[in-house]
Amino acid sequence: MSKKSKGSKSSDETIAVNRQARFRYHLLENFEAGIALTGSEVKSTREGKVNLKDSYALVRDQEVWLHNCHIAPYEPAARDGHDPERPRKLLLHKREILRLIGKTAERGLTLVPVRMYFKGPHVKVELALAKGKEHADKRETIREREQKRDMEREFRERMR
């Protein structure tokens, strides 16, 4: 973990990124949410021991919950540790929750965490309203990525 200089404008420090989200889904709209964590979970996130790969968010009883987000147990607090896979409450404004209820009621839309980061002393989660990609769309994404990689490789070779 790197220390930020006093003159640094941006205090966002990324903890974890869900790289599979952009591959599996079309990301339509982003939301920033706080997350309710226990003390040992915060210590573990400061060490970067978070995995968002298969996680998702659900709106239930006018609350938003993050499921399948793995936060590894904090070793010094092993006895009083936490369940690594427990559902965690996300903190959003009521109007944002009501908007998400309407959006997720639409067929095929889901809430996917894209990244987790520190904003000052607070842990935040960037959620995206997403629509699942078809198999052909995934192949197209792979094809575009390989073409871009080939063009960059060719450009580097010409610059030598």
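How many aromatic pairs does the count come to by the ring-pair rule? The count comes to zero, where rings of Phe, Tyr and Trp (its six-membered ring) pair if their centres lie within 6.5 Å, with planes under 30 degrees apart counted as stacked, over 60 as edge-to-face and the rest as tilted. A pair of aromatic rings is described by the distance of the centres and the angle of the planes.

This is a predicted model, in which local features need pLDDT of at least 70 and side-chain atom pairs count only at pLDDT 80 or more, while totals for chains, interfaces and linings use all residues. Residues are numbered from 1 along each chain as its sequence is written, and side-chain values use heavy atoms, with hydrogens and water left out.

## Overall architecture

The protein chain has four helices and nine strands; these are DSSP runs numbered from the N terminus, helices being H or I with at least four residues and strands E with at least two. From the N terminus on, the order of elements is β-α-β-α-β-β-β-β-β-α-β-β-α. The C-alpha trace spans about 55 × 45 × 35 Å along its principal axes.

Of the 160 residues in the protein chain, 31% are buried. Buried means under 20% relative accessible area, exposed means over 50%, and partly exposed lies in between (1.4 Å probe, protein chains only). Contact means heavy atoms within 4.5 Å. Among contacts between residues at least 6 apart in sequence, 67% join residues at least 24 apart.

## Strand pairing

Two strands pair if DSSP finds at least two bridges between them. Strand E2 (residues 25-35) pairs with strand E9 (residues 122-132) in the antiparallel sense over nine bridges, and Glu29 has Leu129 as its bridge partner in E9. E2 is also joined by two bridges to strand E7 (residues 88-91), again antiparallel; here Gly34 stands opposite Leu91.

E4 and E5 run antiparallel and are joined by five bridges, with Arg60 opposite Glu63 in E5. The hairpin of E4 and E5 has two residues between the strands. Asp61 counts as exposed because its relative accessibility is 70%.

Asn68, in the loop between E5 and E6, has a positive phi near 60° and is likewise a residue other than glycine. With a relative accessible area of 36%, Asn68 is partly exposed.

Glu126 is found in strand E9 and is buried, with a relative accessible area of 15%. The side chain of Glu126 makes a polar contact with the side chain of Asn30 at 2.9 Å. A polar contact is a pair of N or O atoms within 3.5 Å; within protein, one must be able to donate a hydrogen and the other to accept it, and residues adjacent in sequence count only if both atoms are side-chain atoms. Leaving aside neighbours within four places in sequence, Glu126 is in contact with Asn30, Phe31, Val112, Pro113, Val114, Arg115 and Tyr117.

Two of these contact partners of Glu126, Arg115 and Tyr117, also form a charge-over-ring arrangement: Arg115 lies over the face of Tyr117, at 3.9 Å from the ring centre. The rule requires NZ of Lys or CZ of Arg within 6 Å of the ring centre and within 35 degrees of the ring normal.

Phe118 belongs to strand E8 (residues 109-119). The C-alpha atoms of Phe118 and Lys133, 15 residues apart along the chain, are separated by 29 Å.

## Helix H2

Ser40 is in helix H2 (residues 39-46). Leaving aside neighbours within four places in sequence, Ser40 is in contact with Tyr74, Ala77, Gly81 and His82. Ser40, Glu41, Ser44 and Thr45 are buried in H2. Seen down the axis of H2, the buried residues fall within an arc of 140°, so they line one face of the helix; the arc is that of the directions from the helix axis to the C-beta atoms. The buried residues of H2 pack against strand E1 (12-17), strand E3 (50-51), strand E6 (70-71), E7, E8 and E9. Just after H2, Gly48 takes a positive phi of about 80°.

## Buried residues named above

| Residue | Relative accessibility |
|---|---|
| Phe118 | 4% |
| Ser40 | 11% |
| Glu126 | 15% |
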